[in-house]
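Open the model in your viewer and keep the selection panel at hand. The tour below goes stop by stop, telling you what to select and what is there.

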Amino acid sequence: MIRYLILPGFLVTFLLKTASLLSAFIGPLLVNRKRVERRAGIAYGEGEYQLLDIYLPRSREPEAKLPIALLIHGGGFRYFSRESHAAAAARLAESGRIVFCIDYRLTPKHPFPEGLTDAAIAYDWMVKHAGEYCGDVSRISMIGESSGAGFTLSLCLYLFGFAKFPSSVSLPPIPAALPKAAVTHCGYFEVSDIERFAGDPRVHRIAHMRIEQIRATYLPNFATASRAFILADPALVLAEHAAHSGKLPAGFPELFIPVGEKDPVIGDSERLARTLAKLGQPGRLKVYPGVGHAFYAAPWGAQAKACWTDIITFLDRAKT
């Protein structure tokens with residue numbers, strides 16, 4: 001019996017690792033160099049993984065200030081990289097934005113909050129250095145998918161004072177320049193509680209095994225009573241706020257929540273949308289028919305193209 005449980009888990013890990021390596025090689029090849037300039041491997045910190053790539057639209061006017069975007073890749077906190085998401089970063093840059101696509105520390109070697117800490121440091125670096133690339137820090141957006149969407153929401157909550165990092169984490173002061181908009185594509189917003197998927201027919205057995213693996217590697221030392229882990233569950237933070245306040249602070253980012261109809265964790269996006277509606281941001285969810293998890297990462301698919309059009313339209317309307 002045990003071998004039948006181990007084998008699928010091993011195969012899922014093998015397939016994801018293989019996909020991560022292949023996409024890291026292929027991703028940069030998909031960047032249209034006539035439309036986008038890619039500056040790769042820029043350090044935003046001293047750590048081995050604290051690197052980012054910057055994508056600049058070649059159509060920009062000299063000295064013209066452009067909006068900036070932080071792009072955070074997904075992969076269950078364990079897989080993929082800034083290179084694997086080069087096509088997504090380039091697509092975003094083609095819309096007239098300067099895109100900062102980051103790497104961060106991955107599990108199981110680096111559990112919570114290390115990857116999220118890197119994302120916060122990268123955001124601070126982007127704000128401080130955006131002007132060197134003619135970036136406009138009054139027009140900031142953040143875009144993430146899957147676990148990267150979780151990071152995106154957690155960063156919004158941290159930057160606006162909803163929750164703190166564990167006391168052991170040292171971070172620079174929160175920047176004065178804050179995001180105006182955020183896109184959380186097919187997000188995973190609550191790592192600690194895997195039982196919420198029990199009985200959901202949309203979560204098949206292999207997907208549930210993957211969810212269990214994410215919980216075990218991202219939160220190996222989780223303690224239910226400790227608030228130190230709260231930023232691993234950003235959906236709960238926002239739900240608590242909705243229950244007690246019912247209002248978002250002035251300037252809190254406008255959110256857009258695209259997700260595939262066949263995404264096994266679509267329930268997280270649905271719950272986030274309901275919470276946002278209680279807080280005064282209704283209609284934030286859009287479900288794309290016939291597609292699954294992280295479908296936007298391959299921008300050439302029909303639904304991915306539609307999703308990217310919606311993302312760009314949303315960011316334009318938010319003036320970011």
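Select F77, G150, F151, S154, Y188, F189, E190, V191, Y218, L231, A232 and P234: together they line the second largest cavity. A cavity is a set of points on a 1 Å grid over the protein atoms alone, where a 1.4 Å probe fits but cannot get out; lining residues have an atom within 4 Å of a point. The volume of the second largest cavity is about 40 Å³. A volume is the space filled by probe spheres set on the points, with grid points joined across faces, edges and corners. Helix α4 contributes the most to this lining, with 3 residues. Helices are DSSP runs of H or I with at least four residues, strands are runs of E with at least two, and both are numbered from the N terminus. By class, the lining of the second largest cavity holds 9 nonpolar, 2 polar and 1 charged residues. Ala, Val, Leu, Ile, Met, Phe, Trp, Tyr, Cys and Pro count as nonpolar; Asp, Glu, Lys and Arg as charged; the others, Gly among them, as polar.

Before moving on, note that this is a predicted model: local features need pLDDT of at least 70, side-chain atom pairs count only at pLDDT 80 or more, and totals for chains, interfaces and linings use all residues. Residues are numbered from 1 along each chain as its sequence is written, and side-chain values use heavy atoms, with hydrogens and water left out.

## The largest cavity

How many cavities of 30 Å³ or more does a search of the whole structure find? There are 2. The largest cavity has a volume of about 60 Å³. To see its lining, select A120, Y123, D124, Y158, L159, L171, P172, P173, I174 and P175. Two or more lining residues come from each of α3 (114-129) and α4 (147-159). The top contributor is α3, with 3 residues. The lining of the largest cavity has 9 nonpolar residues, no polar ones and 1 charged.

## Aromatic rings

Rings of Phe, Tyr and Trp (its six-membered ring) pair if their centres lie within 6.5 Å; planes under 30 degrees apart count as stacked, over 60 as edge-to-face and the rest as tilted. Both Y188 and F197 are buried. Buried means under 20% relative accessible area, exposed over 50%, partly exposed in between (1.4 Å probe, protein chains only). The count of aromatic pairs is 15. Next, select F77, Y104, F112, F151, Y218, F222 and F229, which form one aromatic cluster.

## The pockets

Now look for open space. A pocket is an open set of grid points with protein on both sides within 12 Å along at least five of seven lines. The largest pocket has a volume of about 780 Å³. Its lining counts 31 residues; L16, G75, F80, H293 and A294 lie nearest the centre. The elements giving two or more residues to that lining are α1 (2-26) and α5 (205-218). The lining of the largest pocket divides into 18 nonpolar, 10 polar and 3 charged residues.

The second largest pocket has a volume of about 300 Å³. Of its 18 lining residues, S20, R78, Y79, F80 and L106 are closest to the centre. Helix α1 gives the most to this lining, with 5 residues.

## A buried arginine

Select R82, in the loop between β3 (66-72) and α2 (86-94). R82 counts as buried because its relative accessibility is 8%. Its side chain makes a 2.7 Å polar contact with the side chain of D53. A polar contact is a pair of N or O atoms within 3.5 Å; within protein, one must be able to donate a hydrogen and the other to accept it, and residues adjacent in sequence count only if both atoms are side-chain atoms.

Go to the loop between β4 (98-102) and α3, where P108 sits. The T107 to P108 peptide bond is cis, with omega near 0°. P113 is also in the loop between β4 and α3. The F112 to P113 peptide bond is cis too, with omega near 10°.

Finish with E63 and C186. E63 is not a glycine, yet has a positive phi of about 70°. E63 counts as exposed because its relative accessibility is 69%. C186, also not a glycine, has a positive phi of about 45°. C186 is buried, with a relative accessible area of 0%.
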